[in-house]
Amino acid sequence: GTVMVDIGAQIGWFSLLAASCGLEVVAFEADTHNAALLRANFELNGWSDRVIVREERIGPNTAVIDIRREIALMKIDIEGAEAEAIRVFTPAFTDGSVQRVLMESSPVFNDGYPELVRWIIDHGFRCYGLPPKRRPPHPLDVPDLDMLPWRIDDMREASLKARVQHAEQEDLWFVRSDLRA
């Protein structure tokens with residue numbers, strides 16, 4: 001079966017959504033308190049058998065991890081260390097095991113996001129920027145062009161760097177090129 005890998009799982013919002021869809025979850029959470037809340041959330045929902053919580057920080061000293069399964073979704077939100085997460089899971093990217101990635105880019109913590117985004121695109125993914133979190137709620141029946149995902153994988157290098165390397169957090173959605181968004 002397929003699995004969801006949640007790197008920077010916090011208390012498990014994305015992990016729980018994945019489990020509710022029937023996916024098994026491998027959740028990485030470095031904070032002991034958050035990891036305990038993550039486990040409690042899975043237990044309260046009756047899904048303890050669907051999660052493996054790895055209470056560890058992904059960083060420069062983390063060895064390469066080979067899940068050996070198809071990864072339906074990899075969510076990465078680790079405040080500037082996203083490149084380390086990609087490095088740790090490079091085998092899954094190079095062998096095509098990763099289908100989709102939701103990654104928060106936080107240029108305030110790390111200025112290497114343009115290169116990281118380009119690396120993921122070059123490994124067979126389309127990339128979309130998601131609407132900013134700071135947007136106020138609005139009716140979904142009223143089209144708002146500023147809220148639509150925008151495609152960035154076909155941008156020129158200078159435009160890509162300018163777009164990804166601004167001072168605000170932004171969510172990026174990567175989809176393997178042979179799959180629908």
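A residue is called buried when its relative accessible area is under 20%. This briefing describes a predicted model of a protein chain of 181 residues, 45% of which are buried. The chain contains 6 helices and 8 strands, arranged along the sequence in the pattern β-α-β-α-β-β-α-α-β-α-β-β-α-β. Among contacts with a separation of 6 or more, 69% are made by residues 24 or more positions apart.

- Helix H5 is largely enclosed by the rest of the structure, because 7 of its 10 residues are buried.
- The buried positions of H5 are Tyr-113, Pro-114, Leu-116, Val-117, Arg-118, Ile-120 and Ile-121.
- The loop between helix H5 (113–122) and strand S6 (125–129) contains His-123.
- His-123 has a relative accessible area of 29% and is therefore partly exposed.
- The C-alpha atom of His-123 is separated by 9.5 Å from that of Asp-95, although the two residues are 28 residues apart along the chain.

**Packing of helices H1 and H2**

- Two packed helices are described by the distance between their axes and the angle between them.
- The axes of helix H1 (residues 13–20) and helix H2 (residues 32–44) come within 10 Å and cross at roughly 25°.
- Angles under 35 degrees count as roughly parallel, and H1 and H2 are therefore roughly parallel to each other.
- The crossing of H1 with H2 is right-handed.
- On the H1 side the contact involves Ser-15, Leu-16 and Ala-19, which meet Leu-38, Asn-41 and Phe-42 of H2.
- By residue type, this contact of H1 with H2 comprises 4 nonpolar residues, 2 polar residues and no charged ones.

**Salt bridges**

- The model has a count of 7 salt bridges, and three of these pairs are described below.

*Asp-6 and Lys-75*

- The side chains of Asp-6 and Lys-75 form a salt bridge with an N to O distance of 2.8 Å.
- Asp-6 belongs to strand S1 (residues 3–7) and Lys-75 to strand S4 (residues 71–76), so this pair ties together parts that are 69 residues apart in sequence.
- Both Asp-6 and Lys-75 are buried.

*Arg-54 and Glu-56*

- Arg-54 is joined to Glu-56 by a salt bridge in which the closest N and O atoms are 2.9 Å apart.
- Arg-54 counts as partly exposed because its relative accessibility is 29%.
- Glu-56 likewise counts as partly exposed, at 27% relative accessibility.

*Arg-176 and Asp-178*

- A salt bridge also links Arg-176 with Asp-178, with the closest N and O atoms 2.8 Å apart.
- Arg-176 has a relative accessible area of 15% and is therefore buried.
- Asp-178, by contrast, counts as exposed, since its relative accessibility is 57%.

Key
Residues are numbered from 1 along each chain as its sequence is written. This is a predicted model: local features need pLDDT of at least 70, side-chain atom pairs count only at pLDDT 80 or more; totals for chains, interfaces and linings use all residues. Side-chain values use heavy atoms; hydrogens and water are left out. A salt bridge is a side-chain nitrogen of Lys or Arg within 4 Å of a carboxyl oxygen of Asp or Glu. Helices (H or I, at least four residues) and strands (E, at least two) are DSSP runs, numbered from the N terminus. Buried means under 20% relative accessible area, exposed over 50%, partly exposed in between (1.4 Å probe, protein chains only). Axes are lines fitted to C-alpha atoms, for helices over the stretch in contact, and angles run from 0 to 180 degrees between N-to-C directions. Angles under 35 degrees count as roughly parallel, over 145 as roughly antiparallel, 65 to 115 as roughly perpendicular and the rest as oblique. A crossing is left-handed if the near helix is turned anticlockwise from the far one by less than a right angle, and right-handed if clockwise. Contact means heavy atoms within 4.5 Å. Ala, Val, Leu, Ile, Met, Phe, Trp, Tyr, Cys and Pro count as nonpolar, Asp, Glu, Lys and Arg as charged, and the others, Gly among them, as polar.
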